[in-house]
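Some notes on the model follow, in numbered points. Please read them with the structure open.

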Amino acid sequence: MANEIKPVEVDEASAERSTVITIGDREYRLILTTKATKAIAKRYGGLENLGEKLMKTENFEMALDEVIYLITLLANQSILIHNLRNKEDKQELLTEEEMELLTSPLDLAQYKNAIMASMLKGTKRNVESEESKNEVAG
């Protein structure tokens, strides 16, 4: 079956730094890759400006466009990873038009949390506590 819907397979490291959402009847992994970070930086001036842009968008249509752009960008990262590793089993990228047709505004509002979760996972750092260095010997 050429139209069989298969979940996108990625490596374990990518799976750990992803958030899974369902669009239509297919699951997508939202992954913040270096490629996606570069695209976001180009569009928004950096990851730090992204939250501000999403929250301060005055126009409802523009706000929807931004969420659609981000979901499409992040969902396509898992497909690009899959296609890179599975040259004989390439999958089509999700388009913004498909996003618009397969989702409702309510879905998009819920996806905002998935966007933020994938961003946090993609930029997560292991931070050691500085507490022991700051303690005063008494």
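Predicted model: local features only at pLDDT ≥ 70, side-chain atom pairs only at ≥ 80, totals over all residues.

1. The mean pLDDT of the protein is 79, with 72% of its residues at 70 or more. Among the elements, helix α5 (residues 96-102) has the highest mean pLDDT, 95, and helix α7 (residues 131-134) has the lowest, 48.

2. Two stretches call for caution. Residues 1-5 have pLDDT below 50, and beyond near neighbours in sequence this stretch has two contacts in the model. Over residues 126-130 the pLDDT also stays under 50; here the model has zero contacts beyond four places in sequence.

3. The strands β1 (residues 18-23) and β2 (residues 26-31) pair in the antiparallel sense, over six bridges. In this pairing T19 stands opposite L30 of β2, while I21 has Y28 as its bridge partner.

4. How are α2 and α4 arranged relative to each other? The axes of helix α2 (residues 34-44) and helix α4 come within 10 Å and cross at roughly 160°. An angle over 145 degrees counts as roughly antiparallel, and the two helices are therefore roughly antiparallel to each other. The crossing of α2 past α4 is right-handed.

5. On the α2 side, the contact with α4 is made by K35, A36, A39, I40, R43 and Y44. From α4 come E66, Y69, L70, L73, L74, Q77 and L80. By class, the residues of this contact divide into nine nonpolar, one polar and three charged.

6. Helix α4 (residues 60-85) also packs against helix α6 (residues 105-123), at an angle of about 50° and with the axes 10 Å apart. That angle makes α4 oblique to α6. The crossing of α4 past α6 is left-handed.

7. Which residues make the contact of α4 with α6? L64, V67, I68, L70, I71 and L74 of α4 meet L108, Y111, K112, I115, S118 and M119 of α6. The residues of this contact divide into ten nonpolar, one polar and one charged.

8. A last point concerns α4 in both contacts. L70 and L74 are among the α4 residues in the contact with α2, and L70 and L74 are also listed for the contact with α6.

Conventions
Residues numbered from 1 in each chain as written. Heavy atoms only, no water. Axes fitted to C-alpha atoms, helices over the stretch in contact; angles between N-to-C directions. Helix = DSSP H or I, 4+ residues; strand = E, 2+ residues; numbered from the N terminus. Parallel < 35°, antiparallel > 145°, perpendicular 65-115°, else oblique. Left-handed = near helix turned anticlockwise from the far one by under 90°. Contact = heavy atoms within 4.5 Å. Nonpolar A, V, L, I, M, F, W, Y, C, P; charged D, E, K, R; others polar. Pairing = 2+ DSSP bridges. pLDDT = per-residue confidence, 0-100.
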